[in-house]
Amino acid sequence: MTDSHSAGQAAPRCRVRVGSADGLLAVVPHLLGFHPTHSLVVLGIGGPHGRIRLAFRYDLPAPPDVKLATDIAAHAAVVLSRQHLGTAIVVGYGAGPEVTPVTDVVAPALHAAGIDVRDMLRVQDGRYWSYLCADVACCPPDGVPFDPAGHPAASALAAAGLPALTDRATLAATLAPAAGSAELVSEAIERALSRAGKLIDDALGASGDGDVLRAVADAGRRAVRTAIGRYRRGGEPAGFDEVAWLGLALTDLRVRDDAWARMDPGFRDAHQRLWTELVRQLPDEYVPGPAALLAFTAWQAGDGALASIAIERALQADPAYSMALLIAEALHAGLPPSAARLTMTPKQVAAAYARRRPS
């Protein structure tokens, strides 16, 4: 599993100067969104001021596996090189027998790619060790104790809106199904299906272009557009009936792609609230669309961990869901948030589908 965060996305809100290993280790959880365990974290550093531009994480192979370690090393080198980041810091979280076999492969791979490894650390049980420092005065054999939560850098980032959850499972729990509402949502979906059926019956009884689902898609686009606008103004969903109707509407790719074309990154926080609400409330068969849209907006925000978890939710429900697979491929390739561009407007999306309309 690979999670990434574009540190540059946080820069407009908060800039923290880090001049020590304990300061660096205090920053890492806030870049990822959670405290890593059994992980290898790579920090890409670039620019004239030596800023952290990118942070990405891998699950450590368990048990150790040379092939997986080689894959991790090769991928890390490609990601850093693609983004023209010539300096890296590598941090392994776990016991020595778990971390060292990976760092032993990653370090030479990065050097071979022309990437300078400024430091390579291992963290375990509140202590850290450096693989590159042999001075016992600063790097004693029993490690250096540190407190990431108590460091001023951690406090500054948390105050700037970059919290660090306990672990990745805690982050995943933010997208877990909402407790106590499944029956109410199920009843609302039945009403949404009846509403769609009425629209289809009306279309069958009228002369038209033969697309009996067009009326449902048109109604769905209006509902999604209204919901997006309300969330941008700070609003919340009107209730279970709206959640159910939006979930049903987004199963039509015309509606999903219309919503996708409206994902202006200037409103990404509002969009994340909307799609998170739908992912948590809807049953699995209606989750892929909202989850993929959430992954896209998380990618726009540089939050690769949330994007990865949203993709997992989408693919659990539909392993072949193309939008989720597309975003997963982009994240794995280390593409930056700037690549999450809107290539079409809603009008262009509608025109593209109109050209493909069945007779």
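Me: Let's start with H38. Is it buried, partly exposed or exposed?

Reply: H38 counts as partly exposed, because its relative accessibility is 47%. Keep in mind that this is a predicted model.

Me: OK, and where does H38 lie?

Reply: In the loop between α1 and β2, with β2 covering 39-46.

Me: Which loop has D125 in it?

Reply: The one between β5 (116-124) and β6 (127-130). D125 isn't a glycine, yet its phi is positive, about 50 degrees.

Me: And is D125 buried or exposed?

Reply: D125 counts as exposed, because its relative accessibility is 71% and the cut-off for exposed is over 50%.

Me: Switching to backbone geometry: what's going on with the peptide bond from A62 to P63?

Reply: That bond is cis, with omega near 0 degrees. Most peptide bonds are trans. P63 itself lies in the loop between β3 (51-59) and α2 (66-82).

Me: Now helices. At what angle do α1 and α4 cross?

Reply: Roughly 25 degrees, and their axes come within 8 Å. For reference, α1 is residues 21-32 and α4 is residues 152-159. That angle makes α1 roughly parallel to α4, since angles under 35 degrees count that way.

Me: Left-handed or right-handed crossing?

Reply: Right-handed, as α1 passes α4.

Me: Which residues meet there?

Reply: From α1 you have G23, A26, V27 and H30, and they meet A153, A154, L157 and A158 of α4.

Me: How does that contact divide into nonpolar, polar and charged?

Reply: The residues in the contact of α1 with α4 are six nonpolar, two polar and no charged.

Me: Which residues in α6 are buried?

Reply: V185, A188, I189, A192 and A196 are buried in α6. An α-helix has 3.6 residues a turn, so residues three or four places apart point the same way.

Me: And what do those buried residues pack against?

Reply: The buried residues of α6 pack against α7 (214-232), α8 (240-249) and α10 (268-281).

Terms used:
Residues numbered from 1 in each chain as written. Predicted model: local features only at pLDDT ≥ 70, side-chain atom pairs only at ≥ 80, totals over all residues. Heavy atoms only, no water. Axes fitted to C-alpha atoms, helices over the stretch in contact; angles between N-to-C directions. Helix = DSSP H or I, 4+ residues; strand = E, 2+ residues; numbered from the N terminus. Parallel < 35°, antiparallel > 145°, perpendicular 65-115°, else oblique. Left-handed = near helix turned anticlockwise from the far one by under 90°. Contact = heavy atoms within 4.5 Å. Nonpolar A, V, L, I, M, F, W, Y, C, P; charged D, E, K, R; others polar. Buried < 20%, exposed > 50% of the residue type's maximum accessible area, 1.4 Å probe, protein only.
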